[in-house]
Amino acid sequence: MEQYIIKGGNPLVGEVDIAGAKNAALAILAAAIMTDETILIENLPDVRDINVLLEAIEGIGAIVNRIDRSTVRINGSTIRDVSVDYEFIKKIRASYYLLGALLGKYRHAEVPLPGGCNIGSRPIDQHLKGFKALGADVDILHGAIIAKADNLHGSHIYLDVVSVGATINIMMAAAMAPGRTTIENAAKEPHVVDVANFLNSMGANIKGAGTDVIRIKGVEKLHKTEYSIIPDQIEAGTFMFAAAATGGDITVRNVIPKHLEATTAKLEEIGCEVEEFDDAVRVRASRRLRRTNVKTLPYPGYPTDMQPQITVALALAKGTSIVTESIFENRFKYADELTRMGAHIKVEGNSAIIDGVDRLTGARVSAPDLRAGAALVIAGLAAEGITIVDDIVYIQRGYEDFEGKLRSLGAEIEKVSSEKEIRKFRLRVG
Ligand code: EPZ
């Protein structure tokens, strides 16, 4: 099993290029099969989730031609199967975007029901509610969702909970459903807007993405397009908090500063200097961080995917902070791991009370999920001594060349998979 080994204590300094947004790319790859013409997608992040979804798309018969690590051509004309293999859903939940794409194009889709994951139960009742409203019969048989429709038709759908996945999945299923569809209480994340822009570049008629009411006029067919994925605001925010926690000075490049506003506001609140440029943001932490309170909310609120990262920074801040997780019911599993590094964190319900400490010390910790894993790496970079992070496969799902980018900023970090390599690292760093 691969691990990261880190020698903490170096302030991270320098510039880092941010990759395309994983959560936009996953939906866009699924939507790409909705035409029989060829789609070119650029600025794909080279991460495990993307590579698994491309295998799933190939698995149903589409032609996938990986031009290079960040570019792919897809042609869905050869799809012969509307049933997605369980092995793909087991590896990544977002394979469920193929439900909306296949239902929208073929009026039929069969996708295994995704399980929960380490941050909560994550039901998909709102996705299914939307498909039924569009005229599909939806059954769950032998662990798979079977969605079928003789004809789809426009509908007025009110989401009971703001859901990124449901908003995107319903938008795809409605794109070629005759008539008008309205999605109320829609998610407004930048990746929802990116998927709408992508579908519109294929000839769809979607208006209002980025607001809480999305209006779709179904079209007959979708056509070829060439599209570049937006930058990943969560990868960017993760490096911004790495600067904050290590007392560093990092410029994240190829970003859209507007997508980072909630993160930037919190970094300034805790004492970082943040400078915005057209497509870059610079974060400097030249003094001890200050406490604050933060509550995760749907966009444009503070992102839940940035919750573990700010908690690590606040673990080292002066004073007591409260972090409240309002999106998922179980997203503080990493708190015990941070405690092993000397943090003073008490989790009560969906809040964590954090008494800042002067220093963290390196320890052996385990990544419980993708963003918490990245946050534990940040903690190791800020801690004194050696940290080993286990289960880094989670981190590799969503961060392209994480250790390489961190090393370019001065981090002492390596990916290892044996005690021998750990010993070698310890000898080298002293
Ligand atoms: C997406 O998950 C992201 N994943 C998550 O990022 C992100 O944390 C989340 O949006 C919120 O921003 C991808 O885009 C692949 P939701 P998603 O539907 O779509 C409840 C990462 O680290 N809900 O917006 O699954 C749900 O339980 C990942 O990259 C229902 O009740 O999130 C949650 O409490 C982690 N019924 C809330 O809504 C439904 O049908 C928000 O979930 C759907 C969701």
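Author: Let's start with threonine 182: if you skip its neighbours within four places in sequence, threonine 182 is in contact (heavy atoms within 4.5 Å) with Ser155, His156, Ile157, Val213, Ile214 and Arg215. The residue lies in strand β10, residues 180-184; strands here are DSSP runs of E with at least two residues, helices are runs of H or I with at least four, and both are numbered from the N terminus. With 12% relative accessibility, threonine 182 counts as buried (under 20% relative accessible area; exposed is over 50% and partly exposed is in between, with a 1.4 Å probe and protein chains only).

Before going on, a word on what you're looking at. This is a predicted model, so local features need pLDDT of at least 70 and side-chain atom pairs count only at pLDDT 80 or more, while totals for chains, interfaces and linings use all residues. Residues are numbered from 1 along each chain as its sequence is written, and side-chain values use heavy atoms, with hydrogens and water left out.

The buried residues of α7 are Pro190, His191, Val192, Asp194, Val195, Ala196, Phe198 and Leu199. Just past α7, glycine 203 has a positive phi of about 105 degrees.

Leu199 turns up again in the largest nonpolar core, where it is among the residues with the most contacts, along with Leu29, Ile33, Ile41 and Met171. That core has 82 residues; a nonpolar core is a set of buried Ala, Val, Leu, Ile, Met, Phe, Trp, Tyr and Cys residues joined through side-chain atoms within 4.5 Å. Helix α1 (residues 22-31) gives the largest share, eight residues. Leaving out neighbours within four places in sequence, leucine 29 touches Ile41, Leu44, Ile50, Leu53, Leu54, Ile57, Val72 and Ile74. Another core, of 71 residues, lies apart from this one, and its members include Ala236, Ala245, Ile354 and Ala379.

Now for a helix pair. Helix α8 (residues 233-246) and helix α9 (residues 261-269) pack at about 5 degrees with their axes 11 Å apart; axes are lines fitted to C-alpha atoms, for helices over the stretch in contact, and angles run from 0 to 180 degrees between N-to-C directions. The two helices are therefore roughly parallel to each other (under 35 degrees; over 145 is roughly antiparallel, 65 to 115 roughly perpendicular and the rest oblique). On the α8 side, Gly237, Met240, Phe241 and Ala244 meet Thr263, Thr264 and Leu267 of α9.

Most residues other than glycine have a negative phi, and most peptide bonds are trans. Arginine 107, in the loop between α4 (97-106) and β6 (108-112), has a positive phi near 60 degrees. Histidine 142 also has a positive phi, near 50 degrees; this residue lies in the loop between β7 (137-141) and β8 (144-148) and is exposed, at 87% relative accessible area. The peptide bond from tyrosine 299 to proline 300 is cis, with omega near 10 degrees, and proline 300 lies in the loop between β17 (293-295) and α10 (307-315).
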